[in-house]
Amino acid sequence: MILNKTSLRDIKTALMAIPGHPGSSRISEALARGFGFDDHHALKAKFDAYEVSISDLPPEVDFDTASFIKAVGPSERQTILDLATTAQYLADGGIFLDDLESYPELRGGRVILTGWTSKDWTLAASDFVERIGSIIGTTTWVLNMVDRLWDMEVAVFGDSEAETFDVYDPEKGVRKPTLQEHYANEELEESTGVTVMAFLDGTFVRFRDMLPKHSQPSAQYLAASEKGVRMVHGDAEYAVEVWLLIRSGS
């Protein structure tokens, strides 16, 4: 990736929102090691030299997961996996998502981007997914990703045949919703004024330009359930979940 102060700050902002993170200084050191620098001071010196140059190009660097994990130090296993997976996704996401089998050390890790979302949206969306849990239950509704959605005009959403909504079943994968599940969605609309489909549409349009371009080809679906909201990449063998909203305990 092209590494500069802005791109590094964006990654660190995401990591600092992950529950159980080891603190700002350790994250800074771990990112520096992951990008191939001896420590944060060496990385800062590189940035400072670039700031006063009128001809240098910003460094294009790869991200080394093992070095990052080693520098993070002792933490809960899930926290380490989430930190490393999020950093890898943001730094070298195209390579990572195209070749998931080459990253067995990240299996089980989640990409958590809640640090990039506004507090107001998070509060409103949290209330809605809580209602999903109380009315719809554990059913996960999904907006299937097709290429045209990434460039489709906002006004077209809600009226387009390009949109396909299904349900994710842990045993059967993505399937068509049952009549009972449609009835539950109608009950949710009567209670909140919003269907799961409208919520998924609005969430996707809100965040599609925020998500890295390199993540688009491997995106399978955007999912909403009582646990939160996530974009799912990969397949049944190795899926990577990018969480935009994650409820406590999920």
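Which residues form a negative surface patch? Asp98, Asp99, Glu101, Asp235 and Glu237 do. Before I go on, please keep in mind that this is a predicted model.

Glu101 is in the loop that runs between helix H5, residues 77-98, and strand E1, residues 111-112. Is Glu101 buried or exposed? Glu101 has a relative accessible area of 56%, and the cut-off for exposed is over 50%, so Glu101 counts as exposed.

Next, the salt bridges. Side chains of opposite charge can pair when their charged atoms come close. How many salt bridges does a search of the whole structure find? The search finds six. I will go through some of them.

Start with Arg110 and Asp82. Their side chains meet in a salt bridge, with 2.6 Å from N to O. Arg110 has a relative accessibility of 17% and counts as buried. Asp82 is buried too, at 2%. The cut-off for buried is under 20%, which means that Arg110, at 17%, falls within it.

Now Asp166 and Lys176. Here the salt bridge spans 3.2 Å, N to O. Again distant parts of the chain are linked: Asp166 is in strand E3, and Lys176 is in the loop between strand E4 (173-175) and helix H7 (179-192), 10 residues apart. Asp166 is buried, with a relative accessible area of 7%, whereas Lys176 is exposed, at 57%.

Then there is Glu241 with Arg230. The closest N and O atoms of this salt bridge are 3.2 Å apart. Why does the pair tie together parts that are 11 residues apart in sequence? Because Glu241 lies in strand E7, residues 239-246, and Arg230 lies in strand E6, residues 228-234. Glu241 is partly exposed, with a relative accessible area of 25%, while Arg230 is buried, with 7%.

There is also a network of salt bridges, and it links Asp169, Arg175 and Glu181.

Where is Thr140 placed? Thr140 is in strand E2, which covers residues 140-144. Its relative accessible area is 7%, and Thr140 is buried. Setting aside residues up to four places away in sequence, Thr140 touches Asp166, Val167, Tyr168, Ala223, Ala224, Ser225 and Arg230. So on that list you find Asp166, from the salt bridge with Lys176, and Arg230, from the salt bridge with Glu241.

Strand E6, where Arg230 lies, also holds Val229. Val229 has a relative accessibility of 0% and counts as buried. What is Val229 in contact with, leaving aside its neighbours within four places in sequence? The list is Val129, Phe199, Thr203, Leu222, Ala223, Val242, Trp243, Leu244 and Leu245. Ala223 is on this list and on the list for Thr140. As for separation, the C-alpha atoms of Val229 and Lys46 are 37 Å apart, and the two residues are 183 places apart along the chain.

Glu153 is in the loop between E2 and strand E3, residues 165-169. With 58% relative accessibility, Glu153 counts as exposed. Between the C-alpha atoms of Glu153 and Leu8 there are 31 Å, and along the chain these residues are 145 apart.

Definitions and conventions
Residues are numbered from 1 along each chain as its sequence is written. This is a predicted model: local features need pLDDT of at least 70, side-chain atom pairs count only at pLDDT 80 or more; totals for chains, interfaces and linings use all residues. Side-chain values use heavy atoms; hydrogens and water are left out. Patches are made of residues with over 30% relative accessible area and no salt bridge: like charges are joined within 9 Å, nonpolar side chains (Val, Leu, Ile, Met, Phe, Trp, Tyr) within 5 Å. Accessible areas come from the Shrake-Rupley method with a 1.4 Å probe; for residues, only the protein chains shown count as cover. A salt bridge is a side-chain nitrogen of Lys or Arg within 4 Å of a carboxyl oxygen of Asp or Glu. Lys and Arg count as positive and Asp and Glu as negative; His and the chain ends are not counted. The place of a charge is taken as NZ of Lys, CZ of Arg, CG of Asp or CD of Glu. Helices (H or I, at least four residues) and strands (E, at least two) are DSSP runs, numbered from the N terminus. Buried means under 20% relative accessible area, exposed over 50%, partly exposed in between (1.4 Å probe, protein chains only). Contact means heavy atoms within 4.5 Å.
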